[in-house]
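Hi,

Here is the structure I promised to pass on to you.

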Amino acid sequence: MLSGSASIDHTNAYFRHGGSHIINRLSSSYRFALLQTDAGARLGELHTPHGVVHTPAFMPVGTQGTVKGALFKDVEEAGAEIVLGNTYHLFLRPGDELIARRGGLHRFTGWGRPILTDSGGFQVFSLAERRTITEEGAEFQSHLDGSRHQLTPERTVDIQARLGSDIAMVFDECLAYPATRDEAAESMRRSVRWAGRCRQRLERLRAGATEVLLANPGQAQFGIVQGGVHADLRRESAESTRAIGFEGYAIGGLSVGEPIDLMYQTVAETTRHLPADQPRYLMGAGTPEDLVECVSRGIDMFDCVLPTRNARNGQLFTSQGRLNIRNARFAEDDDPVDPACGCYTCRRHSRAYLRHLHMAGEMSAAALNTLHNLTFYLDTMKRIREAIAFGAFDTFRQEFLRSVSRLSQDS
Ligand SMILES: [Zn+2]
């Protein structure tokens, strides 16, 4: 059993690099405590300026300052303790400076619990022909109006500082899959150089040495490990990123089309090189099965658009697998979506009614489906945490995987 505080580690690392006292103030609000481990899985608590996140945790994606198809009261009721905000989208609209003038993202959106912001890298790299990457950063054309912008590592730190998220991510290069080993190595090393620039910039902000104010002085910063599906590159990236020193570490560049077994293997090979007493976040994954499998490989945090996006398309996740509510066989099915679920949708409505709403294109279909899918994901995380606490994670994992595969052919 391990118990540790990442901020203390970080402070030590900082003094080794000859820093000032200012940075120590972070340790008062941000802290990660690893409470228990079981069969590779980790139970922890992430303390942030806006509250505690119990890990392993799932973060619903709130792209534009809102979780698509859900009101924040429903997101809270579903059990979310933290949501993710997208820097790229908020930077373009309504703009980070406008949000800073409103007191930061928490006050602007009315979401009072913790927020993690990505750096915008993933969205910019997804723009394909509309972006150019240099050592300095990325130049791109907005998907909204074609206007030209530049994002550098320093700029993404400033934007996230104005947004005032509790956890900010470094700017990294997101490589497409498949890539050659040389491409993956070159890209990973650039990401490490960018991570160093992000850290330097944040330290200047924390020291009050710039005109940019931190809307949330307790904001933590996570580094991102890249390196494709190559174990040696992942190791090099993990070691170089740790040497810079962050409050947590993410695994990027996975869940981008690689075979699932290769993803699980890469996660296991990467977490082995990450510090045990700091949080690990697997970016952009995944299915309910992926969450359970990657928890068993030492992951603490996840985000994914699947529960919300699939809800809008009528695909529902249940304890027996996935079902597509458009399917004609639900037309006169009076059962709830998932008899094992206690969400508002399942307590109140039948599959027949939800199918009718979806076929009629009613907005309430998206809202009810989203509430259910989010509840299923967040309940799964809760059950994972309970299983770890009881030392029964491996039994839970085997039963869960058997159970969710039952209906999956219907999706
Ligand atoms: Zn439900």
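This is a predicted model: local features need pLDDT of at least 70, side-chain atom pairs count only at pLDDT 80 or more; totals for chains, interfaces and linings use all residues.

The second largest pocket holds about 210 Å³ of space, where a pocket is an open set of points on a 1 Å grid over the protein atoms alone, with protein on both sides within 12 Å along at least five of seven lines. Grid points are joined across faces, edges and corners, and the volume is the space filled by probe spheres set on the points.

Residues are numbered from 1 along each chain as its sequence is written, and side-chain values use heavy atoms, with hydrogens and water left out.

Now for the largest pocket, with about 730 Å³ of space. Its lining has 35 residues, and Phe122, Gln123, Gly284, Asp303 and Val305 lie nearest its centre. Helix H6 (121-125), strand S14 (301-304) and helix H12 (306-312) each give at least two residues to the lining of the largest pocket, and H12 has the largest share, with four residues. Helices (H or I, at least four residues) and strands (E, at least two) are DSSP runs, numbered from the N terminus. The lining comprises 13 nonpolar, 15 polar and seven charged residues.

There are also two cavities of 30 Å³ or more in the whole structure, a cavity being a set of points where a 1.4 Å probe fits but cannot get out. The largest cavity has a volume of about 50 Å³. Its lining includes Gly62, Phe72, Leu105 and Ile115. Strand S5 (83-85) supplies the largest share of that lining, three residues, and helix H5 (105-109) supplies at least two. Five nonpolar and five polar residues make up the lining, with no charged ones.

Next, the helix pairs. The axes of H10 (residues 260-271) and H11 (residues 288-295) come within 10 Å and cross at roughly 30°; axes are lines fitted to C-alpha atoms, for helices over the stretch in contact, and angles run from 0 to 180 degrees between N-to-C directions. H10 and H11 are therefore roughly parallel, a label for angles under 35 degrees. For H14 (residues 351-359) and H15 (residues 363-389), the axes come within 7 Å and cross at roughly 130°.

Last, a sheet. Strands S7, S8 and S9 form an open antiparallel sheet in that order, with strands counted as paired if DSSP finds at least two bridges between them. The edge strands are S7 (131-133) and S9 (148-151). Four bridges join S8 (residues 138-141) to S9, and Gln141 has Arg148 as its bridge partner in S9.

Best wishes

Methods:
On a 1 Å grid over the protein atoms alone, a cavity is a set of points where a 1.4 Å probe fits but cannot get out, and a pocket is an open set with protein on both sides within 12 Å along at least five of seven lines; lining residues have an atom within 4 Å of a point. Ala, Val, Leu, Ile, Met, Phe, Trp, Tyr, Cys and Pro count as nonpolar, Asp, Glu, Lys and Arg as charged, and the others, Gly among them, as polar. Angles under 35 degrees count as roughly parallel, over 145 as roughly antiparallel, 65 to 115 as roughly perpendicular and the rest as oblique.
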